[in-house]
Amino acid sequence: MSGFAFQVGAAGKVTKCDVKDALAARNGFVWVHLNTNNEHAQDWLANTAKLDDYLVDALTATETRPRCEQFGDGALINLRGRSEDEMTSSDPLASVRIWAVERRVISVTRKKLSAIDTVERAVSDGHVRDPGDLIAAFAGAITADLDPDVARLGDDLDECETQLDAERVFELRRTVTRVRAQSIGYRRFLSPQRTAVEKLATLPVGWLQDDDRLHLAAAADRAARMAEELESIRERAALTHEALTDLRAEQIDQRGLIISIAALIFLPLTFFTGLYGMNVRGLWLADKPWAFDAIVALCLITAAGVTAYFVRQHWLRG
């Protein structure tokens, strides 16, 4: 079983310790983080931390969505954030499951959460004094880590919108599809995450101080803003995709028109050449030495006449 633990004394002294010895602390509060989901972690949660079965199942579940539930004086919080591990397009954010009570916080992740290093530094530097501070640090670090990614999606879409070109349709469509898929995946979790953090900020538990509630409200507001931005990106990506489809259709129409006009110009010329390619007697000018020049001139005049007609009809620009 891998993980780490911190003991924060009543005087603010921070000590990093082994997970096995973390719960022996007599004062201050303890944070235990497990970054695994194997049977050893489940055994530790059930037998060492003495958690109820439904809490063990919730902390080690395979699939989770952001939520917040109060159980007695404790709270179970599931949050989602960026991960350095490879994620799927349908599940782009890693989860962190947290059980918090007075003087104790236990967190579990299946994949490495990018924000965990930020939270760990905050604890090591002495900025976290109680469970409320730690939960607020988690919420703030996760939203702060996601914000640049959401902004990057908007920037990528802005670049596509300013470079709409029929010659780059396939390249731009790949970018737009990627941006749209990521925005949908992020928004799927950010909207319920906002609700979970807002609910956490209003829980009637003694270990949440007023400043913790303010920090949680700020994180919820930031999550709401990102969810709105992602919804805007999704809608803009759909419109950009439609614009690219229209550009592609227009390009195909223009090329089809050019091919049709070229075929119509050469149609009468094909008639002349086919007619004079017949090996029969009686063809006009067949016995004249200048017949070839005359037929070529006739073809050129016919092609020029057809082209002029298309220009007058505005089928061609001229």
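Is Lys50 buried or exposed? Lys50 is exposed, with a relative accessible area of 63%. Buried stands for under 20% relative accessible area, exposed for over 50%, and partly exposed for the range in between, with a 1.4 Å probe and protein chains only.

The views below show a predicted model, in which local features need pLDDT of at least 70, side-chain atom pairs count only at pLDDT 80 or more, and totals for chains, interfaces and linings use all residues. Residues are numbered from 1 along each chain as its sequence is written, and side-chain values use heavy atoms, with hydrogens and water left out.

View A. Most residues other than glycine have a negative phi. Lys50 has a phi near 60°. Its place is the loop between α2 (39–48) and α3 (53–60). Helices (H or I, at least four residues) and strands (E, at least two) are DSSP runs, numbered from the N terminus. Arg103 has a phi near 75°. Arg103 sits in the loop between β6 and β7 (104–109). Arg103 is partly exposed, at 37% relative accessible area.

**View B. Gly9 in the loop between β1 and β2.** The loop joins β1 (3–8) and β2 (14–17). Gly9 and Phe29 are 20 residues apart along the chain, and their C-alpha atoms are separated by 6.6 Å. Beyond its neighbours within four places in sequence, Gly9 is in contact with Asn27 and Gly28. Contact means heavy atoms within 4.5 Å.

View C. A pair of aromatic rings is described by the distance of the centres and the angle of the planes. Rings of Phe, Tyr and Trp (its six-membered ring) pair if their centres lie within 6.5 Å; planes under 30 degrees apart are stacked, over 60 edge-to-face, and the rest tilted. The count by this rule is 6 aromatic pairs. The ring centres of Phe6 and Trp31 are 5.9 Å apart and the planes are at 15°, so this pair is stacked. Phe6 belongs to strand β1 and Trp31 to strand β3 (residues 29–34), so the pair ties together parts 25 residues apart in sequence. Phe6 is buried, with a relative accessible area of 4%. Trp31 is buried too, at 0% relative accessibility.

**View D. Aromatic pair Phe71 and Trp99.** The ring centres of Phe71 and Trp99 are 6.4 Å apart and the planes are at 50°, so the pair is tilted. Phe71 lies in strand β4 (residues 67–71) and Trp99 in strand β6 (residues 94–101), so parts 28 residues apart in sequence are tied together. Phe71 is partly exposed, with a relative accessible area of 29%. Trp99 counts as buried, at 7%.

**View E. The cluster around Phe4.** Phe4, Phe6, Trp31 and Phe138 form one aromatic cluster. Lys16 lies over the face of Phe4, 5.2 Å from the ring centre. A charge sits over a ring if NZ of Lys or CZ of Arg is within 6 Å of the ring centre and within 35 degrees of the ring normal.

**View F. Arg80 and its surroundings.** Arg80 lies in strand β5 (residues 74–81). Arg80 counts as buried, at 3% relative accessibility. The backbone oxygen of Thr64 lies 2.6 Å from a polar atom of the Arg80 side chain. Arg80 also lies over the face of Phe189, at 4.2 Å from the ring centre.

View G. Helix α5 (residues 131–162) has 32 residues. From first C-alpha to last, α5 reaches 47 Å, close to the 46 Å expected at 1.5 Å a residue. The expected span is 1.5 Å times one less than the number of residues. Asp130 caps the N-terminal end of α5, with a side-chain oxygen 3.1 Å from the backbone nitrogen of Gly132.

**View H. The two sides of helix α8.** The buried residues of α8 are Ala291, Ile295, Cys299, Thr302, Ala303, Val306 and Phe310. They cover an arc of only 110° around the axis, which puts them on the same side of α8. The arc is that of the directions from the helix axis to the C-beta atoms. On the other side of α8, Asp293, Leu300, Ile301 and Arg312 are exposed. The cover over the buried residues includes α7 (210–276). Just after α8, His314 takes a positive phi of about 65°.

How values were computed
Polar contact = N/O pair within 3.5 Å; in protein donor to acceptor, adjacent residues only side chain to side chain.
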